[in-house]
Amino acid sequence: MGNKGKYYLTTAITYTSGKPHIGNTYEVVLADAIVRFKRFQGYDVRFQTGTDEHGQKVELKAAEAGVTPKEFVDGVAGEIKRIWDLMNTSYDRFIRTTDPDHEEQIKKMFRKLYEQDDIYKGEYEGLYCTPCESFFTQSQLVDGKCPDCGREVQPAKEEAYFLRLSKYQDRLAKHIEEHPEFIQPESRKNEMVNNFIKPGLQDLCVSRTSFKWGIPVDFDPGHIVYVWLDALSNYITGVEYDADGNHGELYRYWPADLHLIGKDILRFHTIYWPIMLMALDVPLPKQVFGHPWLLTNNDKMSKSKGNVIYADDLVDIFGVDAVRYFLVHEMPFDNDGSITWELVVERNNSDLANVLGNLVNRTISMSNKYFDGVVADKGVTEPVDDDLKAVANATPGRVSEKMDKLRVADAITEIFTLLKRCNKYIDETEPWVLAKDDSKKDRLATVLYNLIEGIRISANLLSSFMPETAEKILAQINAKACDLDELLEKGFGQYVSGTKVTDSPEILFQRLDVNEVMDKVLALEGAQEGSAPQDGSDEEGIDIEAKPEISYDDFMKMQFQVGEIIECREVENSKKLLCSQVRIGSTTRQIVSGIKKWYSAEEMVGKKVMVLVNLKPAKLAGVLSEGMLLCAEDADGNVVLMTPEKNVVSGAEIC
């Protein structure tokens with residue numbers, strides 16, 4: 001148990017519509033890094049993640065698959081948990097909204113809110129988006145379609161229960177004003193207040209009658225509890241909240257210190273959820289952090305684009321800790337990040353193989369070569385040692401400071417600054433030169449001791465982010481793991497002098513050839529076929545965040561022209577991609593598109609298409625693409641090419 005108090009972190013629970021891609025996986029890995037560091041700091045940690053399993057989408061998908069909804073979600077939840085376990089995440093509970101203890105409390109909470117008149121019965125009539133499971137008014141639609149995901153909506157009318165959001169609007173606004181840390185980053189807070197709270201909150205539909213897959217309202221047969229009250233409440237049911245007041249021992253962890261969620265579901269966590277808690281007379285969570293999205297080559301992951309990447313495929317090639325490192329180090333604090341296979345190769349080679357792996361390997365190898373593996377501090381110091389020790393002593397505090405602000409990528413950068421300083425120290429001291437002079441033997445021993453101590457400190461700090469690698473390093477140098485307080489209080493020099501390191505150091509990270517990796521990627525791509533997208537940050541996600549407005553000048557930077565496909569072929573070893581040669585005026589561009597499911601290579605030839613011409617070239621499955629064919633996608637995920645209404649010449653400008 002920690003001695004600095006409790007710390008409770010939750011992730012959003014993942015919707016059970018299919019296998020999670022790397023954008024979904026990013027959140028749970030980020031959360032794991034945060035809670036591991038909190039344990040390292042000495043906190044008593046509770047970490048909860050899980051799955052959201054009810055709703056009309058699941059009911060429809062189960063029917064399509066010919067199984068019951070429960071059978072369907074059992075399979076998908078199992079796959080999600082497998083991926084979370086593969087990524088070495090240290091959650092305390094993987095909660096499912098089909099868990100009996102959760103369902104029991106949802107029924108009791110619904111009844112309690114109804115009996116105190118925070119929920120009332122009415123009738124809902126509006127335009128319903130099935131993928132988002134949300135009602136909208138006509139004025140809320142964008143171009144007649146769902147404002148969140150852009151899909152078609154259908155008129156719907158049904159009897160429903162409503163939560164009185166309006167009753168708590170002023171109280172919520174006051175809480176946000178008085179607790180500036182409640183919504184982070186700051187830009188997200190302004191968006192919630194200005195776009196939703198200030199214009200006025202409409203009461204929230206919290207029951208449905210048009211489908212059956214959900215927790216029943218026990219006092220009104222035919223109604224089921226709607227997704228938001230059901231799903232959001234997992235954060236308290238998972239720590240033994242009881243609507244009757246007989247809370248379990250785990251309830252001591254509430255209120256949550258952090259809800260870590262995707263920025264696209266911030267509204268539900270900072271408006272609906274706090275009001276539910278106010279109505280239940282439950283303390284609000286301390287902070288909600290809406291993290292950015294992980295994109296593929298700066299584009300949103302979508303099956304139709306052929307750019308979805310899965311965690312287990314990455315792990316097959318790079319290993320768990322290399323993937324964890326990329327996810328938590330490459331993502332900005334409040335801007336979207338990007339992942340490509342090529343980028344992961346680059347980081348693996350430059351940071352992990354060169355900076356970290358090479359340092360550990362050559363330091364241990366030199367200790368074996370010159371002293372039979374015995375590392376001893378002979379106390380022969382020189383001024384060059386002082387800066388290394390200063391950086392090593394300052395790094396734990398700097399990492400802790402960054403982590404307290406959730407600046408996870410910056411925290412890892414601090415650790416790698418120390419590792420780079422160790423590498424520089426080797427160049428400065430030149431152990432191979434010292435080894436040639438017997439009179440310098442004790443100085444050489446001291447240099448190697450300093451290096452091993454720098455590695456020991458770095459490995460302990462890395463344990464939150466790359467736990468398996470940290471454990472391997474400490475084992476190779478025969479050092480014990482320690483907590484942050486020990487690093488802060490005792491400082492440099494705690495490696496036990498006279499300790500023997502391993503005589504056969506393991507290569508931690510191999511340098512990889514990008515071409516060989518891309519060949520493996522093509523072979524793996526077929527495994528993606530049939531995987532369904534997830535909620536939140538992908539193509540069937542709920543409440544997809546609207547892109548920011550752009551100026552006319554920004555729009556004019558994009559060049560759209562009519563192109564004619566003169567040749568098309570299937571991309572070898574790909575089940576998704578077509579490679580087209582597109583004539584645009586007097587030039588020909590090669591464009592790769594993930595539309596093989598809807599078009600054959602033969603029928604593409606001769607088509608006039610709309611092309612984004614000045615898109616930066618990129619590789620899809622290792623094949624160069626020099627533009628983008630514009631397509632539209634319907635509510636069922638079917639893709640159609642955008643073609644000119646009338647016959648126009650190739651190269652004509654689209655304006």
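All nine of the nine residues of strand E3 (residues 44–52) are buried, so E3 is largely enclosed by the rest of the structure. Buried means under 20% relative accessible area, exposed over 50%, and partly exposed in between, with a 1.4 Å probe and protein chains only. Strands (E, at least two residues) and helices (H or I, at least four) are DSSP runs, numbered from the N terminus. This is a predicted model: local features need pLDDT of at least 70, side-chain atom pairs count only at pLDDT 80 or more, and totals for chains, interfaces and linings use all residues. Residues are numbered from 1 along each chain as its sequence is written, and side-chain values use heavy atoms, with hydrogens and water left out.

**Around E3**

Two strands pair if DSSP finds at least two bridges between them. Strand E1 (residues 6–11) pairs with E3 in the parallel sense, over five bridges. Here Tyr 8 stands opposite Arg 46 in E3. E2 also pairs with E3 in the parallel sense, over two bridges. Tyr 15 stands opposite Asp 52 in E3. Strand E4 (residues 93–96) pairs with E3 in the parallel sense, over four bridges. Gly 50 has Ile 95 in E4 as its bridge partner.

**Helix H2**

Helix H2 spans residues 56–65, and its buried residues are Gln 56, Lys 57, Val 58, Lys 61 and Ala 62. An α-helix has 3.6 residues a turn, so residues three or four places apart point the same way. The buried residues of H2 pack against strand E2 (14–15), helix H3 (69–86), strand E5 (119–129) and strand E10 (207–208). Contact means heavy atoms within 4.5 Å. Just after H2, Gly 66 takes a positive phi of about 75 degrees.

**A four-stranded sheet**

An open sheet of four strands has the order E6-E5-E7-E9, with antiparallel pairing. Strand E6 (134–136) and strand E9 (204–205) stand at the edges, each with a single partner strand, so one side of each is left without a neighbour in the sheet. Strand E7 (residues 154–163) runs antiparallel to E9, and two bridges join them. Leu 163 stands opposite Leu 204 in E9.

**H13 against H16**

Two packed helices are described by the angle between their axes and the distance between the axes. Helix H13 (residues 384–404) and helix H16 (residues 441–462) pack at an angle of about 10 degrees, with their axes 10 Å apart. H13 and H16 are therefore roughly parallel to each other. The contact residues of H13 are Val 384, Asp 385, Leu 388, Lys 389, Ala 392, Thr 395, Pro 396 and Val 399; H16 supplies Arg 443, Asn 450, Ile 457 and Leu 461. By class, the contact has seven nonpolar, two polar and three charged residues.

Axes are lines fitted to C-alpha atoms, for helices over the stretch in contact, and angles run from 0 to 180 degrees between N-to-C directions. Angles under 35 degrees count as roughly parallel, over 145 as roughly antiparallel, 65 to 115 as roughly perpendicular and the rest as oblique. Ala, Val, Leu, Ile, Met, Phe, Trp, Tyr, Cys and Pro count as nonpolar, Asp, Glu, Lys and Arg as charged, and the others, Gly among them, as polar.

**Backbone exceptions**

Most residues other than glycine have a negative phi, and most peptide bonds are trans. The table lists exceptions.

| Feature | Value | Loop |
|---|---|---|
| Cis peptide bond, Gln 184 to Pro 185 | omega about -5 degrees | Pro 185: between strand E8 (183–184) and helix H6 (186–197) |
| Cis peptide bond, Trp 254 to Pro 255 | omega near 5 degrees | Pro 255: between helix H8 (234–237) and strand E12 (258–262) |
| Positive phi, Asp 281 | phi near 60 degrees | Asp 281: between helix H9 (266–280) and strand E13 (288–291) |
| Positive phi, Glu 430 | phi near 50 degrees | Glu 430: between helix H14 (408–429) and helix H15 (431–434) |

Asp 281 counts as exposed, at 67% relative accessibility. Glu 430 counts as partly exposed, at 35%.

**The whole chain**

The protein chain has 21 helices and 27 strands. Its C-alpha atoms fill a box of roughly 90 × 75 × 50 Å, taken along the principal axes. A compact globule of 655 residues would have a radius of gyration near 26 Å; the protein chain has 28 Å, which agrees. That radius is taken over C-alpha atoms, and the globule rule is 2.2 Å times the number of residues to the power 0.38. Buried residues make up 57% of the 655 residues. Of the contacts with a separation of 6 or more, 77% are between residues 24 or more positions apart.
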